[in-house]
Amino acid sequence: MKINLVFDIAKSLLIARWKQTLVAAVGVTFSITMFITLLGFMNGLNELLDGLILNRTPHIRLFNEIKPSENQPINKNLDTTKEYNFIQSIKPNGGRLSIYNAIPIINKLKQDKLVLGISPKLSAQVFYNVGETDLNGVINGINVQDEQKLFSFDTYVIAGNCNDLNIVPNSIILGKGAADKMLTSIGDIIQVTTSKGERVKLKVVGFFQSGIQDIDKIQSYCSIETTQKLLGVTSNYITDIQIKLFELNKAPKLAKYYSKLFNIEAVDIQTANAQFETGSSIRTLISYAVGITLLIVAGFGIYNILNMMIYEKMDSIAILKATGFSGKDVKNIFITIALSIGIFGGFFGLVFGFGLTSIIDQIPFNTAALPTIKTYPVSYNPFYYVIGALFSIATTYLAGLFPAKKASKIDPVIIIRGK
Amino acid sequence: MTPSLEAKLIQKEFHDPVTIQVLKDINFKIEKGEFVSLTGKSGCGKSTLLYILSTMDTDYTGDLYIDGVAMKNKTEQELAKVRNEKIGFVFQFHYLLNEFSVLKNVMLPGLKLNKFSLQEIEYRAMEKLRILGIEKEALKLPNQLSGGQKQRVAIARSLINDPLIIMGDEPTGNLDKKNSLNVFEIFKELAHEFKQTLLIVTHDQEFAKNCDRIIEMEDGRIIST
């Protein structure tokens, strides 16, 4: 049977009841709109929060941990079947924070095809001297170019230019929180005391705001060379190697591998930030649940309208069957009706959903914690649009299936003889 | 020549609320080109028989042959095809689809058959409307027509696929004297001029009397053919 004919009959039935059809389609449109908006908004927020931590966290961090040796010398001569030893108050011996052979490790990692980039880092404990008071602080020695490339360092520098760290000798980018306490502005000279007691003067070339207040109060950034100078160490002294991979998911495996290969501590991002992923996935789950609920409600609307249509069109169905349309043809007609409601409603839902997210995207959203955010965060991930389209078609198909089956089973004899 | 329609030992029972045999040993043939009326008192089973002969009711015992082909054991879809191709229906009520124009109503079974192009079906539909003298109403909607006109549209619809047989269930039952006569004249013309086979269920004795052949029923049996 020609598909055209099914379409033709379905179209006429739809137009004959255009008000009900419109209400059903608006139901689908509304639910898809809300589905897209909700997911876009929720995931915009997710991406923002993830970005806040995850984008700035290396996928794998290599470092030396100062800890007591697990194998105390006495264990080597101990017959464990007969003897015990009790050692109390074990202390780590000759611990060093710097990574052995840091430069060869970096060179080796740069050749690894799974690695997107590497940024070496060293941190130094300092005190910021503010008059009589000393404030706790940490200075991170970084390579500005690498940091910019891998962790978008520049987006968090809210004043000054981060490249000045390389140009201006003995320069520092202060955390916003620390800077506020010290009442400094760009161009000022501040004084810090290193853990070894040395006092050093540094020039402020910029401010840094991560959005996490505890970090902004303590952390500051200098170039690697300046930090090495502060600590009085040689130019191969590096405490952390930060690795960013092409694929985030490979981090746990590779971390173990590197740990063995370089005989070093390695922490992957999943282990370090497990809570963020949990939060994101639950938020996504909630938005899906709400979206699907809306669609199911819309589906019941379609079900009702089709049922009503079938009761009204009993005569038409009977005569179609009498003149040679089979039950399958009748079923196809009603499924076509349901699907066209779903497709049109769903299409406009996607369009309106996009419109609504775009509007939300324009609403100002200023918060001191998030300096780079000016409007509400939304996500335009095309995946949600595909899901929305598929859901709208699937729900309307199911909503149409049962009434259509009922219509296909109508016995024309009963209808025609009943008159 | 194979008869248009042949019924062999058709029996039917209703089971609700008690078992009643409504059709008993129905045997008859209708040859091509015959204009037959099926009459009998109300409740004698003539309509029940017609719906069995029309393939719409499949709950019976015995054999039914349309154009020499047995209808037993055919699937619902196959039976739908038989109805589409070989049988034209005219009911007491016109059963036109109000969503479609008169022309489209007539065309629908032709479109379903899908044997001719759209233009050809349209042309044929106009032709049928012309035979019935209502070609001027082709583009109107069914609810803009009078009762007699609607019934003529229904007859045009039954003719669209050049069916083997036209079955009518009290086609004049809802019409006044004048229109009844009109419809009868149409049937007669179809039978004599176009050699169309017709089987019309009616309790209108005058109508039956004027047909070529009368099959009379009483209490589920055929008493004269």
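**View 1. Where chain B meets chain A.** In this predicted model, 23 residues of chain B are in contact with 22 residues of chain A (contact: C-beta atoms, placed from the backbone, within 7 Å). Three elements of chain B each give two or more residues to the side that touches chain A: α1 (46–53), α2 (76–86) and α3 (102–113). Here helices (H or I, at least four residues) and strands (E, at least two) are DSSP runs, numbered from the N terminus. With six residues, α2(B) gives the most to this side. Sorted by class, the side of chain B that touches chain A has 12 nonpolar, five polar and six charged residues (nonpolar: Ala, Val, Leu, Ile, Met, Phe, Trp, Tyr, Cys and Pro; charged: Asp, Glu, Lys and Arg; polar: the others, Gly among them).

**View 2. A closer look at α1(B).** Eight of the eight residues of α1(B) are buried (20 or more other C-beta atoms within 10 Å of a residue's own, all placed from the backbone). Among them are B:Lys46, B:Tyr51 and B:Leu53. Just after α1(B), look for B:Thr55, which takes a positive phi of about 75 degrees.

**View 3. Chain A.** Chain A has 16 helices and 10 strands. Its C-alpha trace spans about 105 × 65 × 40 Å along the principal axes. Of the 419 residues in chain A, 37% are buried.

**Notes.** Residues are numbered from 1 along each chain as its sequence is written, and chains are lettered from A in the order in which they are written. Because the model is predicted, local features need pLDDT of at least 70 and side-chain atom pairs count only at pLDDT 80 or more, while totals for chains, interfaces and linings use all residues.

Terms used. Two residues are in contact if their C-beta atoms, placed from the backbone, lie within 7 Å. A residue is buried if 20 or more other C-beta atoms lie within 10 Å of its own, exposed if 12 or fewer, and partly exposed in between; C-beta atoms are placed from the backbone.
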